[in-house]
Amino acid sequence: MRDQEYRPWIHSVLLFHLCSVSFGQTVYSVSEETNTGTTVGNLAKDLNLDIKDLAIRGFQIVSGPNKRYFDVNIGTGILQTKERIDRDEICGRSTKCTLELEAIANSPLAMYRFDVNILDINDNPPIFPATTEYLNIFELALPGERFTLPQAHDADVGSNSVKSYKLQTNEHFSLDVQNGEENISPELVLQKALDREKQPTISLILTALDGGKPPQSGTLKILVRIQDANDNIPVFNKQLYKALVSENAPNGTSVITVHATDLDEGLNGDIIYSFVRRAKSKDINAFAIDPDTGVITVNGYIDHETNSAFEIRVQATDKGHNARAGYCKVLVEIVDINDNAPELSITSSLNTIREDARVGTMVGLITVKDEDTGPNGAVLLKILGLVPFKIESTYKNKYSLLLNGPLDRESVSQYDVTVTATDEGTPPLSSSIIITVHVADVNDNAPRFPDPIINVYVKENSQVGGVIYKASAVDLDVDDNAKISYSLLEGMMRSFPVTSAININSDSGEINALQSFNYEEIKTFQFQIVAKDAGAPSLSSNATVNVFILDENDNSPSILPPYSEHGSVNSENIPYSAEVGYFVGKIRAVDADSGYNALLSYHISEPKGNNLFRIGTSNGEIRTKRRMSDNDLKTHPLVILASDHGEPSLSATVSIDVVVVESSSDIQTQFKHVPRKDDTFSDMNLYLLIAIASVSVIFLLSLISLVAVKCHRTDSNFSDYNPPMITTHPDGTWSYSKSTQQYDVCFSSDTLKSDVVVFPTPFPPADAELISINGGDTYNRTQTLPNTEKVRVKTCSCIYGLTLMVVP
């Protein structure tokens, strides 16, 4: 609607209001903070414009600073808000806030001017410049005095601005508000006298209220600080102080602290302490007082015998303009103390004592002195710790240090004897002195080997002169008593002295080999070494050394008879009709070594790739792999290789010619006998030959009925006390190594050969066992062999064959 007069009270209750055009101009009103899109007025209607022509004529608001807040809907001609409007930001505290705008239309060109009044709403509370206001008021201020308070600011205008103040209720202050033309100002009025000592600060709350509906408010905290006046004197918490201080107390020793308080503050409450000096009070110079803390300290020499007590007057003065003071009395009593410690001195002493010294031997003489008297001068001496010494009084202040137990230098070589002298004062004083006593060594410990039995392992064929072991003995003594020399005790190694095989370095204890050892001749020997010190008298100890010779693979396998005959042609005959697995012959070999060095295996070396014969890897048996054919040769030369398992492996070879005959009747019985090379031909050998001949005749008679029958030859071997060593093979067979020479004659039902194994002297010991190995790779244990010379014949038979073994 149109109106000639602007009325603010109507604008505050309307969200938007259309006003009448004054002097031919359109005016609209809208409240601040309205939402975007709020309708301000029907601009097309008020400007007499056809809504249909707005878009055609390009009706729009002309660009300007106020265009950002408004927009025209071309379809309806309605003027709307475009963004939030903050009247306080646009117009500040101006009573009237009008935004001028212009619109333009084309065809025909026309310009329209209109205004929009922004109506204020109560959207801002009163705000004080600060949250807290500090007032300093002198405690002697009189009632009625006024103190100006800060004004509150309200961004709103008119009735929405600050309209009143109110003060928190209290007994000291009231509030007086002064109304001006544009604003009102609050003042604080003192109603009751102040006393800082009772209440140093007063806290008040001032509230500012605006005229909005509902009204908004803001608060200010007022902190009134009461300024002090020097209206109080310092007061001590005691009128008489008593203190004790020991004589000879060092300068700076605290005696007592006096304390006074002043209810005033600032300089009026700051206190300075001092002594009240009177005539003839020079003794007071022995003390000093800290002017700030009131601590009284020793400031000179004080002695109970000179002056047993001091009376001091102390004053406390404040720092106010008209200084005021308070007084007290301090009584200091000097306490007599035990201020002299005993003094120890060594008149004479022994720095070194033998470890075999007798109990009661004097080690040193001690003198004690104490300047005090009475109980303070009575002294008691004692030794600290557990040491083999004691203290005995000799005469007045003289004391002796005596040996009180056995000494052992190897356990403790030096004693630091701490002697303490303590008087009977209260508190007791003491002093100490350390007397160092060295224990001299006595040769009371023999050299000791780490172990009384020493095992040494030496490889055979080791280098002559090499160190096989280094003896090391320990002597707990020192110097010459611990200087050790080594030697060998005379002993025998078989038939020659030990000293011919080994030697020991007397200084280093190194044991050297004087010869190279052969495991096959000697496997172990024993001797003793002696460690002797250089003391007087000297002491010694022994150790037994067991030397074990370790086997080396230094012996090649030896082929046993009948194939070991030198220069002879070894041949075997087999029939043309021989079946698969037909027994051709057996190679036997022995190795003088032991263990894996004597573990033998057999192989056909030549011809390589032979497909007619095979040999047992562990038992040495040569057998056919297939039947004969017309294309086979009549004579088959074989080279058999016997190898041990040492590192490196050693081997021996034997050549055998296998001759194929038409029938088994053509096979002739062959006897092979390799005699033992011996310097003498004993009666035992004669008995053995007669036994062999007898068995051979009997065996030949049995062969007539067994020509066409196949038989598996069983060979037997006997083990002696020393190697042969029985060793198992992976295929379950056994082999052995030879330690003594032996005769071996073989007989077989298939090949017209039989075996007789003869073991000559030396005999095995009485408790040895004889182990026989048969062709089936099994073994039998026989009864213990006797030590007397006799012959035992053991016959091992199979189905068609017989093997005779004669053992001396």
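## Salt bridges

A salt bridge is a side-chain nitrogen of Lys or Arg within 4 Å of a carboxyl oxygen of Asp or Glu. By that criterion, the whole structure contains 17 salt bridges. The structure is a predicted model, in which local features need pLDDT of at least 70 and side-chain atom pairs count only at pLDDT 80 or more, while totals for chains, interfaces and linings use all residues. Residues are numbered from 1 along each chain as its sequence is written, and side-chain values use heavy atoms, with hydrogens and water left out.

## Aspartate 176 and arginine 146

Because aspartate 176 lies in strand S12 (residues 173–179) and arginine 146 in strand S10 (residues 146–148), the pair ties together parts that are 30 residues apart in sequence. Strands here are DSSP runs (E, at least two residues), numbered from the N terminus.

Both residues are classed by relative accessible area: buried is under 20%, exposed is over 50%, and partly exposed is in between (1.4 Å probe, protein chains only). Aspartate 176 is partly exposed at 22%. Arginine 146 is also partly exposed, at 47%.

## Other charged pairs

Glutamate 171 and lysine 192 meet in a salt bridge at 3.0 Å, N to O. This pair links distant parts of the chain, 21 residues apart: glutamate 171 is in the loop between strand S11 (162–167) and S12, and lysine 192 is in the loop between strand S13 (184–190) and strand S14 (201–210). Lysine 192 is partly exposed, with a relative accessible area of 39%.

A further salt bridge joins the side chains of glutamate 392 and lysine 390, at 3.2 Å from N to O. Glutamate 392 has a relative accessible area of 36% and is partly exposed; lysine 390, at 29%, is partly exposed as well. Elsewhere, Glu100, Glu102 and Arg113 belong to one network, joined by salt bridges that share partners.

## A four-stranded sheet

Four strands make up an open sheet with mixed pairing, in the order S43-S50-S49-S46. Two strands count as paired if DSSP finds at least two bridges between them. Strand S43 (571–575) and strand S46 (601–606) are the edge strands, each pairing on one side only. From one strand to the next, the twist averages 35°, with axes taken as lines fitted to C-alpha atoms and angles running from 0 to 180 degrees between N-to-C directions.

Within this sheet, strand S49 (residues 635–643) and strand S50 (residues 651–661) are antiparallel and pair over nine bridges. Threonine 635 stands opposite valine 659 in S50.
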